Amino acid sequence: NEGALWGARFASGPSPELAELSRSTHFDWILAPYDIAGSHAHAKALAAAGYLKPDEEQQMHAGLDAIAQRVADGSLLPAPSDEDVHGALEQALIAELGPELGGRLRAGRSRNDQIATLVRMYLIDHAKVIARDILRVIDALVAQAEAHPEAILPGRTHLQHAQPVLLAHHLQAHAWPLVRELERLVDWRVRAGVSPYGGGALAGSTLGLDPELVARELGLDRPAENSLDGTAARDVVAEFAFITAMTGVDISRFAEEIILWNTREFGFVTLHDSWSTGSSIMPQKKNPDIAELARGKSGRLIGNLSGLLATLKGLPIAYNRDLQEDKEPVFDSVNTLEVLLPAFAGMVATLTFDTARMAELAPQGFSLATDVAEWLVKQRVPFRDAHEISGALVKSCESQGIGLEDASDELLAQVSPHLTPEVREVLSIKGSVASRTGAGGTAPIRVAEQRAELIARAQTA
Ligand code: ARG
């Protein structure tokens with residue numbers, strides 16, 4: 001077992017089957033730059049504590065730089081005999097500096113505290129990329145809202161026509177959850193900035209190394225308070241997986257609407273040719289694949305989160321090899337979102353809305369019945385009665401096959417003496433929307449204010 005990180009107490013080397021199962025270099029090699037950064041920091045801590053002389057420390061940094069260069073240019077790759085990224089890099093260091101100096105770096109650290117730190121560093125870097133990508137989707141939603149300040153959409157509950165709303169209000173309703181994801185990432189970063197490095201395998205170190213120094217060197221905020229917790233906990237990884245899954249779910253809900261809106265029956269949106277796909281057999285087809293992939297990949301992101309939680313459930317303190325299973329799901333979530341979000345943003349930015357079609361459908365389904373009831377309340381009719389009167393008007397209109405706005409003076413009076421012809425003031429879609437000036441409402445001035453707030457929150461996060 002030449003070059004392995006362990007073996008002296010074993011009479012025989014690992015079976016090929018064990019080696020095959022145990023090996024993680026095919027996914028943890030991506031952490032090599034973080035492992036090397038950890039080694040630089042650890043060399044400083046060893047030197048500060050007197051375990052490396054100044055010239056040894058210097059050679060150590062130079063050797064690590066040489067290895068980093070070879071990792072970056074692809075000339076250094078893990079060998080099939082390497083168990084993981086840590087072993088492969090120690091091998092490379094020994095090849096570079098000789099066993100005497102190269103063999104000194106492992107003092108006072110374990111792969112357990114290393115890997116727990118490296119995953120955090122990786123996630124912190126990718127959280128920045130994902131935040132930027134989420135912001136692109138928010139920007140696309142905001143730009144569409146700005147481009148359609150007056151357009152009306154039939155607002156729905158239970159997917160049934162409910163009340164008319166501004167299209168901008170609806171688009172901004174999809175932006176707010178994404179703003180909260182940005183805020184979640186900021187909040188997550190507080191907990192992610194803890195460095196388990198120096199905790200050793202589980203119990204801490206006897207060597208008097210400075211974990212503050214290592215944390216600082218790695219761009220983290222502080223060392224872990226507890227070496228067992230530092231090496232065993234993965235809640236920070238699971239929380240990150242939750243934020244990615246939730247982001248997938250947020251955009252999947254809009255994706256579902258785009259898929260519906262893009263049907264012939266709805267006809268609310270047209271997708272740009274560059275952001276839609278065709279069929280291999282049906283020449284006429286133009287499909288909303290980005291939206292469908294967003295919906296599909298949200299399932300995958302949820303799976304990564306649930307898989308990770310299932311791995312953690314029942315793991316005793318401290319490190320267990322099961323923890324190696326934390327990386328593939330969360331790396332997959334990162335890769336998935338980093339590909340999905342830019343495509344989704346592009347599709348949203350290039351949607352064309354058929355605002356005439358949406359406006360035409362908005363009054364259908366008696367969507368102004370609530371306005372009639374609220375108008376009656378303003379005439380001092382108790383809401384309970386107002387609801388009954390408006391409901392009775394809907395029933396009469398429905399049986400005659402007409403809309404509320406078509407009801408004659410006679411029909412209004414027949415339904416209730418409270419329904420004077422002045423009720424027609426509120427029987428316009430534009431008037432209805434404009435009158436919803438309560439906090440968070442769909443009146444154009446409220447929606448514009450809300451948009452300013454949305455932009456400010458997204459930029460602060
Ligand atoms: N490859 C492991 C992981 O990803 C780290 C190595 C810990 N191995 C061990 N035998 N303690 O979690």
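## Domains, ligand shell and a helix pair

Visitor: Hi! How far apart do the C-alpha centres of domain 1 and domain 2 lie?
Guide: Hello! In this predicted model, the C-alpha centres of domain 1 and domain 2 are 35 Å apart.

Visitor: And which residues belong to which domain?
Guide: The domain assignment gives domain 1 as 16-107, domain 2 as 115-206 + 226-360, and domain 3 as 363-447.

Visitor: How many residues of domain 1 are in contact with domain 2?
Guide: On the domain 1 side there are 8 residues, in contact with 9 residues of domain 2. Helix 2 (25-28) and helix 3 (32-48) each supply at least two residues of that domain 1 side. Helix 3 gives the most, with 3 residues.

Visitor: What's the class make-up of that side of domain 1?
Guide: The side of domain 1 that touches domain 2 has 4 nonpolar, 2 polar and 2 charged residues.

Visitor: Let's move to the ligand. Which residues are around the ligand?
Guide: Around the ligand you'll find S24, D28, D84, R111, N112, I115, Y319, R321, L323 and Q324. By class, this shell has 4 charged, 3 polar and 3 nonpolar residues.

Visitor: Which helix provides the largest share of the shell?
Guide: That's helix 6 (residues 111-147), which contributes 3 residues to the shell around the ligand.

Visitor: Where does the ligand lie relative to the domains?
Guide: The ligand lies between domain 1 (16-107) and domain 2 (115-206 + 226-360), because both give residues to the shell around it.

Visitor: Back to helix 3 for a moment. How do the axes of helix 3 and helix 4 cross?
Guide: The axes of helix 3 and helix 4 (residues 54-72) come within 10 Å and cross at roughly 180°. That angle is why helix 3 is roughly antiparallel to helix 4.

Visitor: Which residues make the contact?
Guide: From helix 3, the contact uses A32, P33, I36, S39, H40, A43 and A47. Helix 4 brings P54, E57, M60, H61, L64, I67, A68 and V71.

Visitor: How does that contact split by class?
Guide: The contact of helix 3 with helix 4 has 11 nonpolar, 3 polar and 1 charged residues.

Visitor: New topic: what does UniProt annotate at residues 366-434?
Guide: The unreviewed UniProt entry has the annotation "domain: Argininosuccinate lyase C-terminal" over residues 366-434.

Visitor: How much of that stretch is helix, and how much strand?
Guide: Over residues 366-434 the chain is 59% helix and 0% strand. The end C-alpha atoms of that stretch are 18 Å apart.

Methods. Residues numbered from 1 in each chain as written. Predicted model: local features only at pLDDT ≥ 70, side-chain atom pairs only at ≥ 80, totals over all residues. UniProt positions renumbered as here; feature names shortened; annotations may be inferred. Helix = DSSP H or I, 4+ residues; strand = E, 2+ residues; numbered from the N terminus. Near = placed C-beta within 6 Å. Nonpolar A, V, L, I, M, F, W, Y, C, P; charged D, E, K, R; others polar. Domains from an automatic or database assignment. Contact = placed C-beta atoms within 7 Å. Axes fitted to C-alpha atoms, helices over the stretch in contact; angles between N-to-C directions. Parallel < 35°, antiparallel > 145°, perpendicular 65-115°, else oblique.
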